[in-house]
Structure formats: structure tokens, C-alpha cells
Amino acid sequence: MTQPRLIWADSLKGWLMLLVILGHAIQGTLGYECNSNHVFNFIYSFHMPAFIAVSGWLLFRGDLSSYTKKEYLKSCKRRSLQLLVPYFVWIIITFIRKGDYTLQAATDFLLYPDHSFWFLWVLFWIFAIFRLAQLVAFNLKINEIWIILCTCLLLLGLMVTMEIRILGFQFLSYYFLFYTVGYFLHKFKAFKLKVKWNRITLVIFFFLWIWLAWGWTMHGLPSWIPAIPYLPSSLLQYAYRGFTALVAILIINSIAPKILNNTHPLNNILCHLGIVSLGLYVVHLSIMDYIVDGIQTAMPSLSTWACIFLAFIMALTISYFIVWLLNKNKYTAIIFIGKYH
């Protein structure tokens, strides 16, 4: 039986997708200068970890009473249709669009998914590895907590010590942590901050995140974090970025079910955007550069933030229209946006 959709989770995904599109509008407009833009850094300090955490939260459907290899393979097949089919379709489209048909270009597309639609690729493999850990735990009759945590630590350890960069491993291992956090926040609801009883704690966490996110950058550490001898700088960077995102996720987890669980017209719109967020993600990535270039060519005197806002609105509107069209046919819905039932 199909599980009922959670209003607050869909609404949250809608909000996060708006931030994803805004972040890419800023990135497309500012180029490398976006790394020194505080709005961009605030968004990137938490939006993708929060997306992954929501996916982990939604995975929990109660403790497993049974779990077989057949069920595992069936679930992986379903997720591959939802995620990998659109992933490969869109990278093929991007490969053709770029016009570089050399073997090196094709190899780069396959080995480095972070150059394209990495989220779909990474989310599938996180799901597959997470479910595999659960299958191992169930067959060995070990509490899943220990196997999942060991898997998480193993992936993080490999990421930091070996710095594996192919097949999106650095993203897989990093975001596996937030998938795990989301899953366990649902499994152990007592870990949530209660807004009603802990408003002071919530405010403290919020200002802690503001402080951490203010110094957040894509490829560095804030000046107030000193280098530690014999400790890899990459470990410090991942720890800082991970902790910043974790604080934001705890805040979101405490308030989203409270304030987004309603049928207000605006919230209904956000819920709908959340439901079609996968389609919005792949489409807006494919058209954002064209939109920004078109705006800057047509209106060269337009201010930076006006250009960003216009690019955001246009990317959102055009992407939604394209997703709406793709949803009109069941085959295009499956192939392009993973609308598999």
C-alpha cells in the first residue's frame, strides 16, 4: 500500500528547491565571485545536506521485521528507475549539447558525475549502500544502528584519508552522513528539539548556525579555525562543513513539521514544487547558463541582484513548464524525471 505523503516534507523540499535554483542563479551570474558572496554561502552551507536528510527521514517506515535479498534488489531496481535513468538521460543530453565528442570528454562525464547531475547519482548509491547495511544487519541479527554507523565511518574515513574523487565518491561518503542523520532523527524522534519547550535552545542553535555559516566557503575554512599539526586540512574542512550543516538540519527538523504542516495556499504551492523537485532540479541545471547569458546580453546595464532575481524567476518558471509538459506523457515522465510508480 502506498504511504501517504507528508505535507511538511513536500513543502520543505519545495523551499529547498527554491534555494537550489537561487543558488545556481547566483553562481551563474557571479561566476567564481560567488564564493565570497554571503547569501550564496548561507544557502550552500545547508541546502543539499538538508535535502539528503529529508530523503533519509522518509526512508524510515518502522523497524524492519524482515528484509530479504529479493526485497533489497527490488527496491534498488525501483530507485534506479527513479534516479539513474533520468541521470544518464540528462548527461547524454548535456554531452551532446556541449559538442565535445572526444573519448576524454565522454570518460569525464562517466567518471566525474560532480560535473553534472551528481545529486541523482549520489542519492541512488547512498540508498543502495544504506539498504545493504540494513540487509547485512538483519541477516547477522545485529542492531542496524551499529552496521549503519560503521558504514558511515568507513566511508568518511576513506574520503578523508584517500581523497577518492572518481564516481562522485567524495559526495557519496560525505552526504551518507546526513542521510543517516535524517533516518535516525525519524527513528528516534526524541532527538528532535521541541519548539514548545526548548525555544531558548532553538534560538541558540539558530545563532550558532548563523555564526558558522557566515564564515562558510565552498573550498576553505574560516580564518578563526587554526591549522592543527599532523591533522589533514581536508578533515578540518569536512568537519566544519558537516557540523554547520548538522546544526541547520537539527533546527529544520525541529520546526518544519510544526510550521509547514498546513494547507495554506502558499504551502500547497510549495508542496507541489517539492513533489516535482527532481524534475525542477535537472531542468533548471540544463537551462540556467542560457538564461543568465541571455539576460546579461539583452540587459547589460542591469544590476547584479536584479539579474540574479530575474534569472531565478525565469529558471523556476521555465523549468516548471517543461516539467509539466514532461509529466503529460508517462514515458517522458519516466525517462526524464523518474516519475515511476
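Which residues in α4 meet which residues in α12? On the α4 side they are Gln 82, Leu 83, Trp 90 and Arg 97, and on the α12 side they are Leu 278, Val 282, Val 283, Ser 286 and Tyr 290. Keep in mind that you're looking at a predicted model.

**Helices α4 and α12**

- Helix α4 covers residues 69-98 and helix α12 covers residues 277-298, and their axes come within 11 Å of each other.
- Those two axes cross at roughly 10°, and since angles under 35 degrees count as roughly parallel, α4 is roughly parallel to α12.
- Sort the residues of this contact by type and you get 6 nonpolar, 2 polar and 1 charged.

**Helices α8 and α10**

- Here's another pair to look for: α8 (residues 169-187) and α10 (residues 233-259) have axes that come within 11 Å and cross at roughly 30°.
- That angle makes α8 roughly parallel to α10.
- The crossing of α8 and α10 also has a handedness, and it is right-handed.
- From α8, the contact uses Gln 170, Tyr 174, Phe 178, Val 181 and Leu 185.
- From α10, the residues taking part are Tyr 238, Arg 241, Gly 242, Ala 245, Leu 246, Ile 249, Leu 250 and Asn 253.
- By type, the contact of α8 with α10 splits into 9 nonpolar, 3 polar and 1 charged.

**Salt bridges**

- Some background first: side chains of opposite charge can pair when their charged atoms come close.
- How many salt bridges does a search of the whole structure find? The search turns up 2.
- One of them pairs Asp 10 with Lys 13, with 3.9 Å between the closest N and O atoms.
- Asp 10 and Lys 13 both sit in helix α1 (residues 7-30), and because they are 3 residues apart, about one helical turn separates them.
- Is Asp 10 buried or exposed? With a relative accessibility of 5%, Asp 10 counts as buried.
- Lys 187 forms a salt bridge too, this time with Glu 144, and their closest N and O atoms are 3.2 Å apart.
- Lys 187 belongs to helix α8 while Glu 144 belongs to helix α7 (residues 144-162), so this pair ties together parts that are 43 residues apart in sequence.
- Lys 187 and Glu 144 are both buried.

**A look around Lys 13**

- You'll find Lys 13 in helix α1.
- Lys 13 has a relative accessible area of 13%, and because buried means under 20%, Lys 13 is buried.
- Which residues is Lys 13 in contact with, leaving aside its neighbours within four places in sequence? They are Arg 5, Phe 51, Val 54, Gly 274 and Ser 277.

**A look around Val 276**

- Where does Val 276 lie? Val 276 is in the loop between α11 (265-275) and α12.
- Val 276 counts as buried, at 9% relative accessibility.
- If you skip residues up to four places away in sequence, Val 276 touches Tyr 320, Val 323 and Asn 327.
- Val 276 and Ile 43 are 233 residues apart along the chain, and 20 Å separates their C-alpha atoms.

Notes. Residues numbered from 1 in each chain as written. Predicted model: local features only at pLDDT ≥ 70, side-chain atom pairs only at ≥ 80, totals over all residues. Heavy atoms only, no water. Axes fitted to C-alpha atoms, helices over the stretch in contact; angles between N-to-C directions. Helix = DSSP H or I, 4+ residues; strand = E, 2+ residues; numbered from the N terminus. Parallel < 35°, antiparallel > 145°, perpendicular 65-115°, else oblique. Left-handed = near helix turned anticlockwise from the far one by under 90°. Contact = heavy atoms within 4.5 Å. Nonpolar A, V, L, I, M, F, W, Y, C, P; charged D, E, K, R; others polar. Salt bridge = Lys/Arg side-chain N within 4 Å of Asp/Glu carboxyl O. Buried < 20%, exposed > 50% of the residue type's maximum accessible area, 1.4 Å probe, protein only.
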